[in-house]
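Biologist: Before I use any labels from this model, I want to hear what stands behind them. Please show it to me.

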Amino acid sequence: MSKLRRPIKLPKSLRVVLVEWEDATHQVDEHDAPMGTMIAYTIGFLVRNTKKDVVLCGEVFEDGGRRDITAIAKPMVRKIIQVATIPVQFPTGATAPPAVS
């Protein structure tokens, strides 16, 4: 079960990162060709980078809302490359929606 936290203060800039990570694969049945893991690349706005996971989103709105969120377990992450830092100005008094943990 997730717990909602209080709204967070909005950042003055958004970090765009590329994450290289090792993704799991699966076989439908034992007669399929054996598979291993695959390297995946995901790019987006960095939401959080913790010991547990790296979370990215594809869209950020003027009220701080986020959409198209991807969470990648930290042990699967091979590297994180910062692509850009984008300065933003959110409306005065705006706060981001509560983060989910």
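**Labels and cut-offs**

Modeller: Read along the sequence, the pattern is β-β-β-β-β, with zero helices and five strands. Helices (H or I, at least four residues) and strands (E, at least two) are DSSP runs numbered from the N terminus. This is a predicted model, in which local features need pLDDT of at least 70 and side-chain atom pairs count only at pLDDT 80 or more, while totals for chains, interfaces and linings use all residues. Residues are numbered from 1 along each chain as its sequence is written, and side-chain values use heavy atoms, with hydrogens and water left out.

Biologist: Why is Thr42 called buried?

Modeller: Buried means under 20% relative accessible area, exposed over 50%, and partly exposed in between (1.4 Å probe, protein chains only). Thr42 has 17%, so Thr42 is buried.

Biologist: What makes the link between Thr42 and Trp21 a polar contact?

Modeller: Their side chains are joined at 2.9 Å. A polar contact is a pair of N or O atoms within 3.5 Å; within protein, one must be able to donate a hydrogen and the other to accept it, and residues adjacent in sequence count only if both atoms are side-chain atoms.

Biologist: Why does Glu20 count as buried, and what is Arg78 called?

Modeller: Glu20 has 11% relative accessibility and therefore counts as buried. Arg78, at 49%, counts as partly exposed.

Biologist: Which other pairs form salt bridges?

Modeller: The structure holds three salt bridges. Asp53 pairs with Arg48, the closest N and O atoms being 3.0 Å apart, and Glu59 pairs with Arg67 at 2.6 Å. Asp53 is buried because its relative accessibility is 8%, whereas Arg48, at 27%, is partly exposed. Glu59, with 33%, is partly exposed, and Arg67 is partly exposed at 47%.

Definitions and conventions: Salt bridge = Lys/Arg side-chain N within 4 Å of Asp/Glu carboxyl O.
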